[in-house]
Each structure stands twice: as structure tokens, then as C-alpha cells.
Amino acid sequence: MACVPPILVLNYKLPAHPEQVKEELEATLRWLRAQGYTEVVIAGDSAGGYLAVQTYLEQSSSQICGAVGICPPLDLSFTADSHHRNAKSCFLTERFMRYARDSYLQIESKDGPIAEATARMYSLQPSSDPKLVAKLKERPLMLVACEQDPLYDDNAAFAQQAAKVGAAEGVLLCDVRGEATFHISLLMPGMENEPHRRAMNQIASYIGKALR
């Protein structure tokens, strides 16, 4: 990027409930708007990636012109094949993911709330919300998936769902493959390699275009 835009890091409260985080994000957007920032790209990794995607999908504000989800958990049932395929190739364990999910959703049983949370992320239905499909077409979001991540398949499934509702170009999938491409590995100090460099360049390019 020829000019790096200002970056604001939001330290939201943990553990947090979805509504609490939503309130914090909305307050942050209002504050940014008051400071004169009329165009914002929201980004996050892991759970923060989930929040970035969720905020992008649920916010109708024209202030948000893009979103980047890096290794986000988009299917909170954790049933994708990559959870089994990559169970031993990543530090992120299913036990921890289930603990984090249940703490976030504040639940003890695993059926209703988890299904509802997952459904929200996959609710790209043109009949129910044609404005969302139009938004994705005009301002696509980016998902970054690392090959050895248990959450890897979530991103492709999300992109496929977008394609089903006519917004195939609305989800840009950055597929990070190669050695040491596990959960959020491209953000870890000392883990720089060629696949990570290519991914970071793609993210920077996306943000630059979104803010033009």
C-alpha cells in the first residue's frame, strides 16, 4: 500500500456476550464517525474474524466498506471435515474451541443457540435480504483460510453459500497453503514465509481498493 491508513485496535471485553460485543462495536463506529472517518474496513483474526464478518453482515451503515476475517470460525457446530483432518496439525484444539464458543454464547446445552448463531452467519438468502446480496456484490468481504487450520473448511463453505444466492463475487477467498499454514500463523512473529507474504499482500491490496 502506498499509504497505510490509520489503524484502530479495539480491545473488547472477554468473556463477552454477542449483544455486548455488538454494542461495543457500534459505539466504536460512532466514535470513528465523529472523528471524521466515513469509510472503515473492519478486520479480525480467529474470534475477531468472526466478529468482523458478523458485523459486516449485520451493519447497514455505508461507513463499513469492507471486512477481513482471518481464520474465522463461521460454523459454530465445528462439524466440518477440516476439524478432523487438521486436529493434530494445529495448536487450536476442539476442546478449547467448544469452551470459547460456549462462553461467548453463554450456553450449557449445544443445540439451539449454536444452530441459531451458525444460521446467522449463513443466512445469505436473497429472498429475505436482497440488500445484503447487493452489498456483497458492491463491496465484497475477504476471508483468509490457512490450509492446516481446523477452521479451514468454514471459509470455503461460506463462499459456496454466497455463490448459491448469486453473490459469488461478494466473498474473496484468500487460500493460504504450504508449510506452517495453521490457525492465524500469518500473524505470528517469526513465522514469515512465502505463503504468508502473499496472503498479507492480498489483504493489503483488498483494503487499499476498499478505501478508494
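**View 1. Helix H7 and its buried residues.** Tyr152, Asp153, Asp154, Asn155, Phe158, Ala159, Gln161 and Ala162 are the buried residues of H7. Buried means under 20% relative accessible area, with a 1.4 Å probe and protein chains only. Helices (H or I, at least four residues) and strands (E, at least two) are DSSP runs, numbered from the N terminus. This is a predicted model: local features need pLDDT of at least 70, side-chain atom pairs count only at pLDDT 80 or more, and totals for chains, interfaces and linings use all residues. Residues are numbered from 1 along each chain as its sequence is written, and side-chain values use heavy atoms, without hydrogens or water. Just after H7, Gly166 has a positive phi of about 90 degrees.

**View 2. Strand E3 under cover.** E3 spans residues 141-146, and six of its six residues are buried. Leu141, Leu143 and Ala145 point one way. Met142, Val144 and Cys146 point the other way.

**View 3. The partners of E3.** Strand E2 (residues 64-70) pairs with E3 in the parallel sense, over three bridges. Two strands pair if DSSP finds at least two bridges between them. Val68 stands opposite Met142. E3 also pairs with strand E4 (residues 171-176) in the parallel sense, over six bridges. Here Cys146 has Val176 as its bridge partner.

**View 4. Confidence along the chain.** pLDDT is the predictor's confidence in each residue, from 0 to 100. The chain averages 84. Confidence is highest in E3, at 96, and lowest in helix H5 (residues 112-121), at a mean of 59. Over residues 123-127, pLDDT stays under 50. Where pLDDT is low, the predicted coordinates should not be read in detail.

Key:
Buried < 20%, exposed > 50% of the residue type's maximum accessible area, 1.4 Å probe, protein only. Contact = heavy atoms within 4.5 Å.
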